[in-house]
Amino acid sequence: MTAGAGYGTDIRGAAADIVGTARWAPSLHNAQPWAFRVGADHVDVLLDRSRLLPVADPRGRQAIIGIGAAVKLVELKVSSMDNEVRLERWPQPAEPELVARVRATRARTAPDLDRHLLATVASRRTVRTPFGPEDVPVPLRVAWRDAAESDGADLRWVEGPGERIGVAALVAAAERLQQRDPAYLAELDRWTSP
């Protein structure tokens with residue numbers, strides 16, 4: 001048992017594995033705007049301001065979404081080490097870069113779902129091609145909705161023809177604006193390979 005650990009475990013020896021898993025999280029232009037601090041019984045996930053994209057993401061919204069994905073992967077990794085985990089969002093108001101703390105609270109066998117999700121992390125890919133016209137099956141919709149709600153998020157399907165056309169028009173207009181912005185193109189060039 002290590003002093004300082006919440007229930008007697010010490011996850012610092014697995015720091016490289018935990019961070020290695022979290023690096024698979026998607027982020028805008030793969031900027032990975034996060035840093036990690038691993039303690040005996042917790043992992044802090046911090047915003048790395050040096051990796052923000054001020055032109056493409058002026059409010060940091062995409063950075064926070066990417067950090068959320070990294071936090072989820074930290075949770076899965078710490079859970080798969082047979083720990084119950086507790087997520088603390090913005091746990092220290094005096095330290096605004098500290099976005100989340102994933103705490104190992106007690107020993108328990110990891111849920112099969114956590115182990116399964118963790119096993120699929122390295123095969124995750126960003127899909128940039130159009131999706132087919134077929135509908136997403138109802139059981140998958142239900143599973144995705146339940147997963148989103150369990151993490152405190154909402155999932156809304158854009159289904160109506162008018163909604164789809166509206167979203168597509170907004171995306172196309174935003175893309176045209178970005179492609180005419182020299183600052184955006186310079187930032188894109190800096191963060192992406194040819």
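**Figure 1. Buried face of helix H1.** The buried residues of helix H1 (15-22) are Ile18, Thr21 and Ala22, where buried means under 20% relative accessible area, exposed over 50% and partly exposed in between (1.4 Å probe, protein chains only). Because these residues cover an arc of only 100 degrees around the axis, they lie on the same side of H1; the arc is that of the directions from the helix axis to the C-beta atoms. They pack against strand S1 (34-38), S2, H2 and helix H3 (112-120), with contact meaning heavy atoms within 4.5 Å. Helices (H or I, at least four residues) and strands (E, at least two) are DSSP runs, numbered from the N terminus. The model is predicted: local features need pLDDT of at least 70 and side-chain atom pairs count only at pLDDT 80 or more, whereas totals for chains, interfaces and linings use all residues. Residues are numbered from 1 along each chain as its sequence is written, and side-chain values use heavy atoms, with hydrogens and water left out.

**Figure 2. The largest nonpolar core.** This core holds 22 residues, of which Ile18, Ile67, Val74 and Val78 touch the most other members. Helix H1, strand S2 (42-47), helix H2 (61-80) and strand S4 (98-107) each supply at least two of its residues. The greatest contribution, seven residues, comes from H2. A nonpolar core is a set of buried Ala, Val, Leu, Ile, Met, Phe, Trp, Tyr and Cys residues joined through side-chain atoms within 4.5 Å. Apart from neighbours within four places in sequence, Ile67 is in contact with Pro33, Trp34, Val45, Leu47 and Val99.

Figure 3. The strands form an open sheet in the order S1-S2-S4-S3, with antiparallel pairing; two strands pair if DSSP finds at least two bridges between them. S1 and strand S3 (83-89) stand at the edges with a single partner strand each, so one side of each has no neighbour in the sheet. On average, neighbouring strands of this sheet are turned by 20 degrees against each other, direction ignored. Axes are lines fitted to C-alpha atoms, for helices over the stretch in contact, and angles run from 0 to 180 degrees between N-to-C directions. S3 and S4 pair in the antiparallel sense over seven bridges, and Val85 stands opposite Ala104 in S4. H2 packs on the sheet and touches S1, S2, S3 and S4; the direction of H2 makes about 155 degrees with that of S3.

**Figure 4. Surroundings of Asp44.** Asp44 is placed in strand S2 and counts as buried, at 2% relative accessibility. Not counting residues up to four places away in sequence, Asp44 touches Ala35, Phe36, Arg37, Leu98, Ala100 and Arg101. The side chain of Asp44 makes a polar contact with the side chain of Arg101 (2.5 Å). A polar contact is a pair of N or O atoms within 3.5 Å; within protein, one must be able to donate a hydrogen and the other to accept it, and residues adjacent in sequence count only if both atoms are side-chain atoms. Asp44 and Glu97 are 53 residues apart along the chain, and their C-alpha atoms are separated by 10.0 Å.

**Figure 5. Surroundings of Arg103.** Arg103 lies in strand S4 and is buried, with a relative accessible area of 18%. Leaving aside neighbours within four places in sequence, Arg103 is in contact with Asp41, His42, Glu84, Val85, Arg86 and Glu88.
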